[in-house]
Amino acid sequence: MSSAPRPSHTPSIQDVARLAGVSAQTVSRVARHAPNVKTDTRTRVLVAMEQLGYVPNRAARALRSGTFRTIGVITQNLGRTGENLVMAGIAAQAEERGYSVNIQQVSHPETEALTTASVRLSHQAIDGLIIVQAGSATRGSLSVPRTLPTVVSDSRLIDDFPSATAEQAQGTHMLIEHLLKLGHRRIAHIAGPSDSRSAHTRERIWRTSLEEARVWPAPLVHGDWSAQSGYLAARELAASAEFTAIFAANDEMAFGAMRALHESSLRVPLDVSIAGFDGIALSDFAVPPLTTVRQNFDAVGRALVDLLLETITASSPSLERRVIPSELLIRDSTGPAPR
């Protein structure tokens, strides 16, 4: 394919086809992200589009096909590991399904900012909306256009929209049972922030599991998912509470707690066992490796995309819930309770 100067007029699909040496129908398939195009042909067409400055007319394409091939996503804090990993799953699955992704971050979704973001996205030619995190927002605080297909994950909105979430309760219960079987009777908890549904679930199951074992009450301190908050929480616990184990509501707070315990001359797991939640890759490289509950964030993100695309084409609305199983990973940070 030879290079060519950009035409003086707005480049057309025919111009791209001529430069790439393919048919206009092939250019159209590439523009639609259709799967039935050979890799080398797709590359030639994309290079031709770039050389000519061709931009597909998405509005016209949507009128013909009834779809923009774009998904809107709202989340709360992309700096948080869990949200970031779910977003990676969404992006990967969207790409495989031939869709692009338009992301809006809403730091305070309990306010009208969530509605503003959803309306803004609905005006930007999207086929549907995924809400990954919405804090304490409820259906009453969110105004989504009724005609906009919407799915959610890990928020109070799962009672109002189709949802795909990671399993929380059983994983937490398995982890507390593991600590109880090791003989621990004072299992402290570093909980997540108050606006997180996941944090509420993990705290509730920690509490009820200990009550059922007749070892309640136990120390509780709240963090904000960050390693620093876990560090400060563990320092507070070490100074004021009696415990032989700590269950941190996520791995990063567990990492911070491990440092605080080390600085307090408490050995893990000889003096204090510690466990986290999420199963992020770094948990296997802590010293000692962290016992945790692994969530499949990638599978959650992919399930959200699949569920949204099914919702878009569904003949009738549903409140389907897809729950991705979690897995207990027992490593060296937990051991028998000290005598």
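Q: Quick one to start: is Asp15 buried or exposed?
A: Asp15 is buried, at 12% relative accessible area. Buried means under 20% relative accessible area, exposed means over 50%, and partly exposed is in between, using a 1.4 Å probe and protein chains only. Keep in mind that this is a predicted model: local features need pLDDT of at least 70, side-chain atom pairs count only at pLDDT 80 or more, and totals for chains, interfaces and linings use all residues. Residues are numbered from 1 along each chain as its sequence is written, and side-chain values use heavy atoms, with hydrogens and water left out.

Q: Which residue forms a salt bridge with Asp15?
A: Arg18 does, with the closest N and O atoms 3.1 Å apart. A salt bridge here is a side-chain nitrogen of Lys or Arg within 4 Å of a carboxyl oxygen of Asp or Glu. Arg18 counts as exposed, at 60% relative accessibility.

Q: Where do Arg18 and Asp15 sit?
A: They are in helix H1 (residues 13–20), three residues apart, so about one helical turn separates them. Helices (H or I, at least four residues) and strands (E, at least two) are DSSP runs, numbered from the N terminus.

Q: How many salt bridges does the structure hold?
A: It holds 14. One of them pairs Arg97 with Asp306, where the closest N and O atoms are 2.7 Å apart. Arg97 lies in the loop between H5 and strand E2 (100–105) and Asp306 in helix H11, so this pair ties together parts 209 residues apart in sequence. Arg97 itself is partly exposed, at 38% relative accessibility.

Q: OK, new topic. What about the largest nonpolar core, how many residues has it got?
A: That core has 24 residues, and those with the most contacts inside it include Ile190, Leu237 and Phe243. A nonpolar core is a set of buried Ala, Val, Leu, Ile, Met, Phe, Trp, Tyr and Cys residues joined through side-chain atoms within 4.5 Å.

Q: Which element gives the largest share of this core?
A: H10 does, with six residues.

Q: What is Leu261 in contact with?
A: Leaving aside neighbours within four places in sequence, Leu261 is in contact with Phe243, Ile246, Leu266, Val268, Val272 and Ile274. Contact means heavy atoms within 4.5 Å. There's also a second, separate core of 21 residues, which includes Val151 and Leu304.

Q: And pockets? How much space lies in the largest pocket?
A: About 640 Å³. It is lined by 33 residues, and the closest to its centre are Asp154, Gln168, Ser198, Arg202 and Gln295. On a 1 Å grid over the protein atoms alone, a pocket is an open set of points with protein on both sides within 12 Å along at least five of seven lines, a cavity is a set where a 1.4 Å probe fits but cannot get out, and lining residues have an atom within 4 Å of a point. Grid points are joined across faces, edges and corners, and a volume is the space filled by probe spheres set on the points.

Q: Which residues line the largest cavity, then?
A: Gln76, Arg80, Gln133, Gly135, Asp195, Ser196 and Trp225 line it. The largest cavity has a volume of about 30 Å³.

Q: Last one: where is Gly72?
A: Gly72 is in strand E1 (residues 70–75). Gly72 is buried, with a relative accessible area of 0%.
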